[in-house]
Amino acid sequence: MNHKEAAVECFKNNFNCSQAVFSTHAVDLGLDKDSALKIGCGFGAGMARMGETCGAVTGAFMAIGLKYGKTIPSDDESRDKTYAKMHEFANQFKAKNKSIFCRELIGCDLSTPEGRQFADDNNLFANVCKNLVADAAEILDKVL
């Protein structure tokens, strides 16, 4: 199973978009799946249902940081490479989906009870978010 398929399967198994993208890549980058799922948990639905940056995007950003991130104070080269990879990912994701913001991608505000109800009533998680997870995992494979 490739990362895209694994991320979609993880999402279908009741994990959020961030967990799905991050955990399926993090294992290959040396982090155990349970830790990756815990780390990604708070980032779903645009950062804890705030509708901000899409969880699939933040999951990808965390994976990029895990692979390229700075661990030595003077290592500005790693920081710059991490930022460049994140920009590359975001540009490709926006080219395909027009935005990286959850509220814009799904057309409702998950920070409100009405928005969550609208998302549930219209199966947005199954119909929209699942595709965003797939897109993020596929783009992340190219960027990593």
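Predicted model: local features only at pLDDT ≥ 70, side-chain atom pairs only at ≥ 80, totals over all residues.
Numbering runs from 1 along each chain as its sequence is written, and side-chain values use heavy atoms, with hydrogens and water left out.

Which of its 42 residues touch the most other members? Those are Phe 89, Phe 93 and Val 133. Colour by element and you'll find helix 1 (3-12), helix 2 (17-26), helix 3 (33-40), helix 5, helix 6, helix 7 and helix 9 each giving two or more residues to this core. Helix 9 supplies the largest share, ten residues. Helices here are DSSP runs (H or I, at least four residues; strands are E, at least two), numbered from the N terminus.

Next, show helix 6 by itself. Its 22 residues reach 31 Å from first C-alpha to last, close to the 32 Å expected at 1.5 Å a residue (that is, 1.5 Å times one less than the number of residues). Pick out Ser 78, Thr 82, Lys 85, Phe 89, Ala 90, Phe 93 and Asn 97, which are buried (under 20% relative accessible area; exposed is over 50%, partly exposed in between, with a 1.4 Å probe and protein chains only). They sit on the same side of helix 6 because they cover an arc of only 135° around the axis, taken from the directions from the helix axis to the C-beta atoms. Turn to the opposite face for the exposed Glu 77, His 87 and Ala 95. The buried residues pack against helix 5 (55-68), helix 7 and helix 9.

Step just past the end of helix 6: Lys 98 has a positive phi of about 75°. Then click Ser 99, in the loop between helix 6 (76-97) and helix 7 (102-106). Is Ser 99 buried or exposed? It counts as buried, at 6% relative accessibility.

Last stop: Asn 131, in helix 9 (residues 124-143). This one is partly exposed, with a relative accessible area of 40%.

Methods. Contact = heavy atoms within 4.5 Å. Core = buried A, V, L, I, M, F, W, Y, C linked by side-chain atoms within 4.5 Å.
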